[in-house]
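The following paragraphs walk through parts of a predicted model. They begin with a strand pairing and then turn to a sheet and a helix.

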Amino acid sequence: MSQFRSEAMELLQIFMARDAAHDTLRELGDLGALQFKDLNHDKSSFNRPHVLEVRKCDDMLRIMRYLSEVCTSEKLPKKKHISAVPQPPHGLDDMHERLQEIEKEVKILATSARDLEAQRVEFEEHKSVLRDASRWLRQQDSRSFTVSPSANGSSNVELKSLTANDVLESGEAVQKSKSMLGYVAGCLPTANVKDFNRTLFRKTRGNMLLLHKEMDESASAKGSSESDSKSVFIVFFSGDRSKAEIDKIAAAYGARKYGLPDSRPQQEETLRQVEEKLGDLKVVIARTADFRRSKLEQVDDWLEAWTTHVLREKAVFHALNMFNVDSSQQCYIAEAWCPVQDLAAVREAIRKGDRSASVAAVVNVLRARESPPTFFRSTKVSAGTQAIVDAYGIANYQEFNPAVFSVVTFPFLFGVMFGDIGHGFMMALAGGLLVKYEKQLASMASNEMFGTVYKGRYNLLMMGAFATYAGFIYNELFSVPQEFFGKTVWCDGDGDPQCRAVPGGANLTQQKWMRSNIADAYDFETQTTLDKEVSWSVYPFGTDPGWAHTANKLNSVNSFKMKFAIVCGVAQMVAGICCKLMNALHFKDMLTLYFVWIPEIVFINSIFGYLVVLILIKWTTNWDATFILNNAEVLSIPQRYCNEELSNLPCWTPPFIENRAAVPGYGGLLSGMPASMWCMSPGAATTGCAVFKWKDRLIVEGNGFVDKTIMDSKLFSPAACQAGIDGCSLWKQSPPSLLDSLIKMFMEIGSVPVANQIIPGQGGLQAFLILIAFISVPMLLLPKPLLLKRQHEMRQSRQHNHIEEDDAPHGGHGGHGDTFEFGEVMVHQMIHTIEYVLGCISNTASYLRLWALSLAHAQLSEVFWEKTVVDIGLQSASPVMIFVTVSAWACFTVGVLMGMESLSAFLHALRLHWVEFMNKFYDGTGYRFVPFSFGKLDGGDID
């Protein structure tokens, strides 16, 4: 019964010795069946006895998170089997010191690795400068430059201008020495080269030359991206002042300068030295990386186990902070909630953890004054639905659990709104795959987006299954009707042996008729009855595909879906009110039972339950065989054809005979009757006219659509029929409008025209239902507050008399019992009454969203199919265009219908359960049972 109501709870008081408290809590944490109460709630977290231990655990968790991040960045291989995991130190202080040493050692290794990598990058940069800049210097010596243009577009011209002879005004040439041309070489980020070149050009007014080349990837630091790449550069300039300015600009752009000897032998010697140092450094880096990796592999072997150990230790000290200590400081006192079912296991766990104690632990069961926590043992199938219910509010202790119904009704209502065979199958397939591979996908559930879908995988499967089922009911496969259960039951006289068209004009031969067994009920060759009732064919399952592409398709579909939405809504609301009955019986709340539940169930059923009954009767009534006799009563005449002697009355005249005088056997009798007693008009033969005998008067069905006078009760009535045959009438009743019936139920109380009657005595029944609905409102409003007031006064009187007897010599007048404010209770009950009465109306209308969402889904799906694949792709007759349109249609289907439309249907189903269903009985003001359990630890902090 734990699924229907939360488990029974007991409040335990536990006395445990201080030397065994730690081991006892370890056993209880493994069991996970106790929720400890905080007995130190008046103390801040800084004044708890074990705050230092909790801080040490937090610091150790911080260290292990850091180590985990380092191991992850190192991309260590996962080991399936670890031979021996080192056990954590027994003492918390020893473990903390050990972890601090490991952290310090790993940080030193990381710092050394970064420093060595920085040195390697510098040597690589220097090597690139020596190699590339030396080549550029040799080109400068030979004046054979092949470089890209600089800021003014001519590098050769610039270099020539730096080394060319100056000419005085007198015409005398002054020769410049090549030694006057200086240079600066180094490396800078490639992204800054363009701005560096522009700034140099403007600062030196073009008296410089910048040459650059991007370095190889091997020269870049590990883990760097393209934006971190660097380039070798050399700047030729003239003058010492230019050198100082170039140095400042290079520093501003993050350039690093390197020495570049002038002579070629010196350059080669320097390059050799740099390469030798670089080789030695790489050996050191490799050995350091191997040592660091081996160290991290050792850490990774025990990191997970130690993390779990620290988390458990923190949970233990966190629980100890909620305990009291006795006056002798030798014993802890704890209070905890425990499910009755787990009480024996808890005692056994305490006994195991208390083996080394000097004093045995004591467990007492207390009488609780506060409400216990709520605990449901959910399965993985019902966990998703339980989470949806809990999101509205946690059930009160022992309150009826709405998830018992919602686990089925939620996906069912979703399927009603999302009904389509294709879309439902896709959703069910997705849910089925999540269920099949749930163990493999469990590790990905930590992701917030995927975790939500994963936890609701069974809901997804059931939602898809119900959507597929509703799709078969609607007969829609991606909005296209199918003939899964046979052809349509409609035919048009095209040679089908089950069809018989109306003889006559061409337009009538094309009129569609429903298939029937009329050939088995009447012999057309001998024109005699076979004494068998005519039955019209019904499509075996779901909607007949013959409705597709008809003018009145929407009218038919909307009529069914609208009524079905009302039936589902009223059924679910009544189920919610019945849940209130179960709560009242369980808590023995007779006031709620007699003066809340009974008025509520009477009110909703007298109006909306009655409406559902009318819907079901209208659906199950054969309106082709329902007639109005003398404008006074409704009767049913089965479609069985009359024999020539009319001995099998009531019956029907032969089919498709327009002239009543031509009816075999009793045509003369029919021809002598009033002209109004014949249902067929010229050129519009039907399957026969009903014949009924009333008080020795033979009455034949008339055509109420042609002759409206037969519906006039002043001209045709039982009294008029008693007076003569001319006052008799029999005409076929049309299905009454339920909307008009509901409106006139209140506007014309007790009066229902016979043409609108669905059940006999409908007018009187409706008047009675309105009367009891009206009476139920004050019964819901007044008795409960008044009886509560009376109970309070009687309780106060008993307490007063009891105190006066015990305290008479002192003149005491008694104490005050529990407070009771009649005005507050009355206002609360009045609000509840108004909300319930108006809510029955608004909630019933709210269930029409089932019809609206279903219609929107079907129409949107049809538009996507018709306007893309049919109108564009198929009409083009081009394979390429068909492929394009089908691809577009698939994108629309997945993105809009499977994405946004499914989310919309989910939210509407959620609202129907939270508001329309659960507010009828669900309080939802309880609090969750959160046990002290090591199984809940997932690497996070303990709150």
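In strand β17, V634 is the bridge partner of I628. That pair belongs to the contact between β16 and β17 (residues 633–636), an antiparallel pairing made of four bridges. The two strands form a hairpin with three residues between them. In its turn, N630 has a positive phi of about 55°.

Strand β16 (residues 626–629) also pairs with β21 (residues 730–732), again antiparallel, through three bridges. There F627 stands opposite K732. Both faces of β16 are covered. T626 and I628 are buried on one side, and F627 and L629 are buried on the other.

A separate topic is the open sheet of four strands, ordered β6-β7-β5-β8 with antiparallel pairing. β6 (208–214) and β8 (256–257) are the edge strands; each has a single partner strand, so one side of each lacks a neighbour in the sheet. The partner of β6 is β7 (residues 230–238), joined to β6 antiparallel by seven bridges. Within this pairing, L211 has I234 of β7 as its bridge partner.

Two helices lie across strands of this sheet. Helix α5 (residues 193–203) lies across β5 (181–189), β6 and β7, and runs at about 170° to β6. Helix α6 (residues 240–252) lies across β5, β7 and β8, at about 160° to β7.

Finally, helix α17 covers residues 553–587, 35 residues in total. From first C-alpha to last, α17 reaches 51 Å, close to the 51 Å expected at 1.5 Å a residue. K588 follows α17 and has a positive phi, near 55°.

Conventions:
Residues are numbered from 1 along each chain as its sequence is written. This is a predicted model: local features need pLDDT of at least 70, side-chain atom pairs count only at pLDDT 80 or more; totals for chains, interfaces and linings use all residues. Side-chain values use heavy atoms; hydrogens and water are left out. The expected span of a helix is 1.5 Å times one less than its number of residues. Two strands pair if DSSP finds at least two bridges between them. Contact means heavy atoms within 4.5 Å. Axes are lines fitted to C-alpha atoms, for helices over the stretch in contact, and angles run from 0 to 180 degrees between N-to-C directions. Buried means under 20% relative accessible area, exposed over 50%, partly exposed in between (1.4 Å probe, protein chains only).
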